[in-house]
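Here is a short report on one protein model. Keep the sequence and the 3D view open as you read.

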Amino acid sequence: MKIIRSDSAGFDNFFHQLRLRGAALNPRLLASVTKIVQDVAARGDKSLFAYTAKFDGYKLTSATTEVSAREKKEALTKVKKEDLEIIRFAFARIKKYHRRQKMRGWTMSDAGGAQLGQKIVPLNKIGIYAPGGKAFYPSTLLMAAIPAKLAGVKEIIVVSPAKAGKINPLVIAAARICGIDRIFKIGGAQAIAALAYGTQTIPRVDKIVGPGNAYVAAAKKIVFGQVGIDMIAGPSEILIIADDTADASFVAADMLGQAEHDEMAASVLLTSSENFARRVSKEIDKQIKSAARKKIIQTSLRKYGAIIVTNNIEQAVRLADNFAPEHLELMVKNPQEILRQISSAGSVFLGSHTPEALGDYLAGGNHILPTSGTARFSSALGVYDFVRHMSVSSFTPAALQTLALPTIRFAQMEGLEAHAASVRLRTGKK
């Protein structure tokens with residue numbers, strides 16, 4: 001595990017490249033995904049089924065694409081009772097957290113007597129992408145479906161790549177607990193295109209949420225505008241600020257936990273103590289020996305892992321805000337004090353007994369988070385992502401009179417005489 005000083009030559013360029021890894025999609029990848037998206041948009045099911053056979057290795061028809069009631073029943077018999085209880089437990093905690101995000105419309109009256117307000121309207125139909133390639137994540141289905149349900153979305157469609165034509169039973173169990181009926185055995189860029197444009201079998205949706213691989217991210221970027229999306233998710237990442245009061249074994253364990261996601265995951269430690277940095281490095285070497293996903297972790301840490309020794313904790317905070325990490329852990333003596341100085345992070349974990357893994361499953365907050373520095377301007381998925389806000393105005397004749405002349409003048413300033421005339425006609429104002 002490399003240890004780098006923040007005042008060393010070339011550090012600024014190294015940190016910049018680390019922060020932006022995976023942020024820009026490969027032009028060749030975008031070109032190939034564009035072809036897939038356009039093909040599905042033009043040919044519908046025919047193209048969707050062809051790409052599924054080519055990339056996922058199983059054949060579908062309009063009759064077999066959607067998971068049937070019999071298939072769901074069969075899958076649920078394969079889920080252990082204790083696993084089902086854990087999913088229900090997570091469902092309850094996530095729902096409790098997100099219930100506080102529910103939004104209400106409002107109205108007000110101005111001095112002239114006009115009624116003004118905002119109406120909150122849920123989306124009609126959304127699509128959730130549940131990953132199922134290298135790994136499957138029933139937790140991600142919970143994180144996407146629960147806020148959508150709380151927002152009042154009328155219909156939720158789930159797509160997930162199948163293995164040998166079968167959806168993982170845990171994904172089906174999570175969908176059932178969330179009250180979702182429609183699950184389709186499709187994945188990749190072709191699934192995103194199908195949701196965005198609709199096919200003979202797949203309904204067209206208003207918004208697509210849920211992370212996926214680089215092909216899924218590229219497809220979401222391409223269809224945005226035709227359909228809403230949550231975000232373009234990049235590789236996962238954790239940044240830890242720790243002082244010498246932290247437990248080196250905890251820090252190492254959390255870095256390994258992030259690195260096991262995939263080879264592009266980033267695990268970064270910022271500490272002002274060089275001695276602590278060495279202790280964490282030794283702990284990583286020790287713990288990695290027994291890791292189940294050892295090869296993935298080794299590749300991830302070699303490419304995108306770093307232990308950075310800063311001049312002080314204040315510099316660590318500045319670097320963390322510049323990185324704007326997906327996950328930020330504060331293993332310091334006074335984490336609340338450091339939190340007040342943080343402005344850019346997807347999700348923050350305070351103290352040595354709040355591992356990021358809690359946030360992935362049971363803490364309650366959403367784990368669909370901005371990556372690659374996008375926490376500077378975006379947030380975790382929430383109930384607010386599944387509603388629209390409509391401005392509502394109601395003016396009486398008297399209220400219109402109070403704003404008629406400035407409205408007419410503003411329209412004339414912009415050269416829009418018909419706008420001015422629409423007000424003049426109602427009020428007689430010159």
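## A serine and its surroundings

The side chain of Ser 236 makes a polar contact with the side chain of Glu 326, at 2.9 Å. A polar contact is a pair of N or O atoms within 3.5 Å; within protein, one must be able to donate a hydrogen and the other to accept it, and residues adjacent in sequence count only if both atoms are side-chain atoms. Ser 236 sits in the loop between strand E8 (228-229) and strand E9 (237-242). Helices (H or I, at least four residues) and strands (E, at least two) are DSSP runs, numbered from the N terminus.

Ser 236 counts as buried because its relative accessibility is 11%. Buried means under 20% relative accessible area, exposed over 50%, partly exposed in between (1.4 Å probe, protein chains only). Leaving aside neighbours within four places in sequence, Ser 236 is in contact with several residues, among them Arg 21, His 261 and His 327. Contact means heavy atoms within 4.5 Å.

## How the model was read

This is a predicted model: local features need pLDDT of at least 70, side-chain atom pairs count only at pLDDT 80 or more, and totals for chains, interfaces and linings use all residues. Residues are numbered from 1 along each chain as its sequence is written, and side-chain values use heavy atoms, with hydrogens and water left out.

Two strands pair if DSSP finds at least two bridges between them.

Strand E10 (residues 266-271) and strand E11 (residues 305-309) pair in the parallel sense over five bridges. Leu 270 stands opposite Ile 308 in E11.

## The five-stranded sheet

Another open sheet has five strands, ordered E6-E5-E4-E7-E8, with parallel pairing. Its edge strands are E6 and E8, and each pairs on one side only. Strand E5 (residues 155-159) and E6 pair in the parallel sense over three bridges. Val 158 stands opposite Ile 183 in E6.

## Helix H7

What caps the N-terminal end of H7? Asn 168 does: a side-chain oxygen lies 2.9 Å from the backbone nitrogen of Leu 170. Buried residues in helix H7 (residues 169-177) include Val 171, Ile 172 and Ile 177. The buried residues of H7 pack against helix H4 (69-76), helix H5 (81-99), helix H6 (138-151) and strand E6 (182-184). Gly 179 follows H7, and its phi is positive, near 80°.
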